[in-house]
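Subject: Handing over the structure

Dear colleague,

I am passing this structure on to you, and my notes on it follow directly after it.

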Amino acid sequence: MGALLTAEDVRHLRTGAHFLACTIDPTAIYVYAEMIEKAMENRALELISIDELAPDDLVVAIGMVTQGLFIADMPPVGDEFIGCIRAIEANLGRQVRAIYSLAAANINGIVPLMVGLQSSLPVIDSDPMGRVFPLISQTTLNIGHVPISPIALMGVTGERAVVEAHNPQRAETLVRALVTEMGGWAATAMYPCSAGQMREHGVHGSISRMIRIGEILDAETSVDRKFQQLAEFLGATRIARARVSHVEGLSRPSDLGLPALPSSVTLVDERSGQIIRLEIQNEILLVLVDGAIAAAVPDIVSLLNSEHGTVVNIDDVRVGDVIDVLKITAAAQWYSKAGLDLAEPKAFGIPIEHPRRHHA
Amino acid sequence: MRIGLRLQGTSCRALVLDGHSVVAAAAAVRCTTLAEAVDTTFEELRHELGTEITKVTDITSDAGRVLVARKPASVIAIRISPRPPADAFHVTGLPALVEPVVARTVHVGGGHDLRGRPLAPLGLEAFLAELPGILSGEVRNIAITSVGSTASKDHETRIADAILSSDSEMRISISSDFYSSVFRDRDYTAILNSALMETGEDLAAMLDASGRRHFPSATMWFAKNDGGRAPLARLAVIPIHGLRPEPAMQILGAATLAGAPDGEVVICADSGVTVGQIRGGLPATRSVIRQGYEASLASNAAVVEPYTADHPVRPAVPSVIADLRSGQDTPLPFGLVPTLAAAHDAGQVGSAVAPLTAWIDRLETVSGRADLQLVQRRAEEDAESAAVQLGASPGLTRIIESNVYAMPYGNPGIVRIRVQAAGEVSGDTIEDAAEIHVRTPFGAGEGASRWAPC
């Protein structure tokens, strides 16, 4: 028997999912948290460890894939994910025993909880990213050669598709094209695998980690105390406390099949005089301090308001704001050679190798 | 001369600026009705100004407190999306205070994607079948929100046209008039805007009539949430932009009184200490007014944050610390030392000097950097043109903000362009103001209020 989540846990999860994504607009996370809280009034929400499942149990990743209209601008009807799970079951001829998050941040960090309530399936405290990446091929399951397909998609229009592609990069291309035509996002179920495979190749403790981060950030305490607790819990380091001096859209050429346009933020640390540069494409990919790499994807970079200790949305960053730039090390799998091949700056069109490439 | 007016309940308070000099500041006049209070205030100003009344060119009213206090009208919410919600959990939620305003919700098939392509055909036929039932009720206010209306407002306008061609008296608010990439924000904003239209209409008519009687040569305006002003007649159409102007007007007024068009403005009030920024003579803004985790209002408004002990001080940047508390016999918190005492109501000064502001906030498809510069420049021209259409002189418009935002997880090449233009009918902007000269105000002491013989 896993842990039963409370409404308080969901509220903290909302903050944790926002922090790890340093997201553009957290509204979709807020909407889902509200929805989950309402649904929990009559139903229990069970979070289980992967170890509680039999090795052969079928588990599947649940998540939104987006390219186009925001989830918050095209609210789900509510039957999309159940439709995807049924399609996977029909395709494989087996019942899904539990679900897990496609990512451990942003909207996909919280969506599976609602799906768990709707489907009565337990939610596993694991995921295949340990953070959020924009591409569905950027997973630790892919590093472990766990097949991505069949992938079931269902959009807000009610249209459905099942993609069978052995190559995860091809799957990414096909799914992204379908998502665009479905309006901008699609509910998906993918990486159907055994609990044993998930145990071996997944990242574990994802949801409980987001809840703990939320507990820290939601507490009525000083910014320094919050940072200290994040440092103890996540090994987070503060790269800089600096003032935004320039924000630039379309700052780098981008011809890859990556959603969103690149943008950059320049900050000045007024105490040291250091220049900090953030390179962004959906998430923060690279942090340079006086031209030297201070953090690079797959490292997780997040921003906190230096005065209030709240998460700063990239969208809200304005010239003159003072923000804390934090770095958190990603799951160990990402620093292997295969992991860096999938997720270092080069994979996002920035011609820089991750500093740990030579140790991989 | 310009008059800044603040309305609240059945009271009115006014301040007169001549250039950058405060020439009169009236105590709050409270009557049995707001119209009487406005009339009495104007009468007193006429008496005080004597022959100089012809010099009054502009009167800007902050009607926010009245709009907030009046009971919003009932609204029919029309939501356009490919399919209706499958369960109660997926119904678009509204803040608890506004939820009861919605008398009925109607779903219409339709909506667009980010590229402006239809996601589903507009369910116009089904809607027309339902329309007589909608029009036969007592509710006269309608809000229409469509999925993807930031990219195409076609479905919203077609539904609005269908309603108006059956009943041209209906008050309709469409969500594409308000920029937010969040459906529930636009839905909430359109609903609340529609619910306030009748009050906006009444206020505009009342102020206009009173203004014409007492200051026939003056133009009437209302104060907006972004620190700008707009023609009073627009209060009947977009009251939402006049719902919360006070924070912006306080920042603008304090900066004007201090002669500081750029820098940080700390407002110390009885309710606490807040901080905002003034840039190019206008408060720094955000495109939505956030309300915790609930839906946000899609209206450009001053960014105001609570001041804390951890507030980063920037010595090189000028800051105004305005002590606007009703009593100033105790020191300010956080060891703040006021640079501006409450000699005048900063909010009213702000209303009096507020420039005309116009926004362009839209999605554009670009193929590269050169194309981006082109669409940005076009948006700047459109924003300046919009300011001129509101009444600004073409030679006195300027761009305050011009930004491009990448759309996260968006379609390649689609960006959001957000531009603010400000303009004046004639000279006298905050940037010209070296300082504000204060003449002795008339009437009872500032901050006092009294019952007028009305």
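Among the contacts in chain A between residues at least 6 apart in sequence, 73% join residues at least 24 apart, and in chain B, counted among contacts between residues at least 6 apart, 72% join residues at least 24 apart. Please keep in mind throughout that this is a predicted model, and that the values below were computed from it.

Chain A has 10 helices and 17 strands. Its radius of gyration is 19 Å, close to the 21 Å that the globule rule gives for 360 residues, so chain A is as compact as a globular protein of that length. Taken along the principal axes, the C-alpha atoms of chain A fill a box of roughly 60 × 45 × 40 Å, and buried residues make up 60% of the 360 residues in the chain.

How is chain A divided into domains? The division gives domain 1, which covers 3-206, and domain 2, which covers 223-359, and the centres of these two domains of chain A, taken over C-alpha atoms, are separated by 25 Å. The contact between them takes 24 residues from domain 1 of chain A and 22 residues from domain 2 of chain A. On the side of domain 1 that touches domain 2, helix 1 (7-21), helix 5 (140-143) and helix 6 (168-181) of chain A each supply at least two residues, and the largest share, 4 residues, comes from helix 1 of chain A. By class, the residues on that side of domain 1 of chain A divide into 11 nonpolar, 10 polar and 3 charged.

Helix 1 of chain A also holds A:Ala7, which is partly exposed, with 14 other C-beta atoms within 10 Å. Leaving aside residues up to four places away in sequence, A:Ala7 touches A:Glu37 and A:Met40; A:Met40 lies 33 residues from A:Ala7 along the chain, yet the C-alpha atoms of the two are separated by 7.5 Å.

As for positive phi values, A:Asn106, a residue other than glycine, has a phi near 55° and lies in the loop between strand 4 (98-101) and helix 4 (111-119) of chain A. Is A:Asn106 buried or exposed? With 30 C-beta neighbours inside 10 Å, A:Asn106 counts as buried. The phi of A:Asn282 is near 70°, again a positive value in a residue other than glycine, and A:Asn282 sits in the loop between strand 13 (275-281) and strand 14 (283-289) of chain A. A:Asn282 is buried as well, with 27 other C-beta atoms within 10 Å.

Turning to chain B, there are 8 helices and 26 strands in it. A compact globule of 454 residues would have a radius of gyration near 22 Å, and chain B, with 23 Å, agrees with that. The C-alpha trace of chain B spans about 65 × 55 × 45 Å along its principal axes, and of its 454 residues 52% count as buried. Helix 3 (residues 124-136) of chain B has 13 residues and reaches 18 Å from its first C-alpha to its last, close to the 18 Å expected at 1.5 Å a residue.

Finally, the two chains meet: 46 residues of chain A are in contact with 38 residues of chain B. Of the side of chain A that touches chain B, the largest share, 7 residues, comes from helix 2 (residues 27-40) of chain A, and by class this side has 21 nonpolar, 16 polar and 9 charged residues.

With best wishes

Key. Residues are numbered from 1 along each chain as its sequence is written. Chains are lettered from A and ligands numbered from 1 in the order in which they are written. This is a predicted model: local features need pLDDT of at least 70, side-chain atom pairs count only at pLDDT 80 or more; totals for chains, interfaces and linings use all residues. Two residues are in contact if their C-beta atoms, placed from the backbone, lie within 7 Å. Ala, Val, Leu, Ile, Met, Phe, Trp, Tyr, Cys and Pro count as nonpolar, Asp, Glu, Lys and Arg as charged, and the others, Gly among them, as polar. The expected span of a helix is 1.5 Å times one less than its number of residues. The radius of gyration is taken over C-alpha atoms; the globule rule is 2.2 Å times the number of residues to the power 0.38. A residue is buried if 20 or more other C-beta atoms lie within 10 Å of its own, exposed if 12 or fewer, and partly exposed in between; C-beta atoms are placed from the backbone. Domain bounds come from an automatic or database domain assignment.
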